[in-house]
Amino acid sequence: MKAIVMNGTGGPEMLEHVERPEPVAGPGEALVEIAFAGVNFMDIGVRQGAAWTEMPNPKILGVEGAGRVLATGPGVEGIAPGQRVAWVYAPGSYAERIVIPATSLVPVPDAIDDRTAAAVMMQGLTASHFATDFYPVQPGDVAFVHAAAGGVGLLLTQIAKLRGGHVIGRVSSADKAAVARAAGADHVIVDTEGRFAEEALRLTDGEGVHVVYDGSGPKTFQGSLDVLRRSGTFCWYGPILGGPGPLDIMSLPKSIKIGYGVFSDHIHTPELLRARTMRLFDWIADGKLRIEIGGEYPLADAARAHADMESRRTTGKLLLVP
């Protein structure tokens, strides 16, 4: 089968489209034909040497996708050949086929196509965790969403609005502002220098926001602190761009609460994985959640997809098509 491997740490040029042995399902596993694989910043972090360092190169990238079960190994229950499934974390997803533990698969209902299923898993479950679990947005709350035209930002905005919140989005260009507004953002701030706090405070009559979701790296950290109201919540995510460095907890202002949001805590059992995913699928089927596909690339063009994502020119979700 064809797959994308990284031959070493570095830029997109380290990715290669190669032939790999056909995988075989073992006990508790399913063999899946991949229809679409999601591209995530996590994959870029792996390529840059920030994760999976214990796995030798060459290794197949990718963790997310959707497709159809070809075969199952002994002991598999609830998943059968011919069934359409999706997954959020299965290393080796940049490939034509993959073997995955059956407990990591979610059945895809008829109302959801493969493209949408692949596009919503990582970013949808991340946004769901942030807006319903890490900080459950309440009616009337004001949320500040960084990278509001990106995959997570667009879904965060929509879920916050579903829960009755107001959203101030931050984007890097006027073109992206239109995308964020289309997702429901009440106000959009165009900013590339991390100087957004003053405008956000003006929009909230000096009070600040109830919650800020920041995956934009150290450059925006201080501004995110500044934009919070008393007892506000700071959800930090996105380790690929780096952390803020050591923090003196006694220097934190306004009794704020700060934490690092990790989507896997939202779905730490197979039962939660399927329940949280089915809620996303229901929202999509009911027209309450819209998935923005920012680009589709042949599997062989994975390096170009990585370069486009790193350039910050893209919006929405990027997919690979084996």
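The model on screen is a predicted one. Ala147 sits in the loop that links β9 (142-145) to α3 (151-162). Check its backbone angles next: phi is near 50°, a positive value although Ala147 is not glycine. Most residues other than glycine have a negative phi.

**The whole chain**

How many helices and strands does the secondary structure of the protein come to? There are eight helices and 16 strands. The radius of gyration is 20 Å, close to the 20 Å that the globule rule gives for 322 residues, so the protein is as compact as a globular protein of that length. Along the principal axes, the C-alpha atoms occupy a box of roughly 60 × 40 × 40 Å.

Colour by burial, and 51% of the 322 residues count as buried. Then show the charged side chains: 29 are positive and 36 are negative. The centres of these two sets lie 4 Å apart. For contacts between residues at least 6 apart in sequence, 68% join residues at least 24 apart.

Strand β1 covers residues 2-6, and two bridges join it to β4. To find one partner pair, select Met6 and then Lys59, its bridge partner in β4.

Stay with this sheet and pick Glu19, which belongs to β2. Is Glu19 buried or exposed? Its relative accessibility is 53%, which is over 50%, so Glu19 counts as exposed. Draw a distance from Glu19 to Ala3: the two are 16 residues apart along the chain, and their C-alpha atoms are separated by 6.3 Å. Leaving out residues up to four places away in sequence, Glu19 touches Met1 and Lys2.

**A cis peptide bond**

Move to Pro58, in the loop between α1 (41-47) and β4. The peptide bond that joins Asn57 to Pro58 is cis, with omega at about 0°. Most peptide bonds are trans.

**Another positive phi**

Next select Asp205, which lies in the loop between α5 (197-203) and β12 (209-214). Asp205 has a positive phi of about 55°, though it is not a glycine. The relative accessible area of Asp205 is 71%, so this residue is exposed.

**A buried threonine**

The last stop is Thr233, in strand β13 (residues 228-236). Its relative accessible area is 6%, below the 20% limit, so Thr233 is buried. Which residues is Thr233 in contact with, leaving aside its neighbours within four places in sequence? Select Phe134, Tyr135, His210, Val211, Val212, Leu228 and Lys257 to display these contacts.

Notes:
Residues numbered from 1 in each chain as written. Predicted model: local features only at pLDDT ≥ 70, side-chain atom pairs only at ≥ 80, totals over all residues. Heavy atoms only, no water. Helix = DSSP H or I, 4+ residues; strand = E, 2+ residues; numbered from the N terminus. Rg over C-alpha atoms; globule rule 2.2 N^0.38 Å. Buried < 20%, exposed > 50% of the residue type's maximum accessible area, 1.4 Å probe, protein only. Contact = heavy atoms within 4.5 Å. Lys, Arg positive; Asp, Glu negative; His and termini not counted. Charge placed at Lys NZ, Arg CZ, Asp CG, Glu CD. Pairing = 2+ DSSP bridges.
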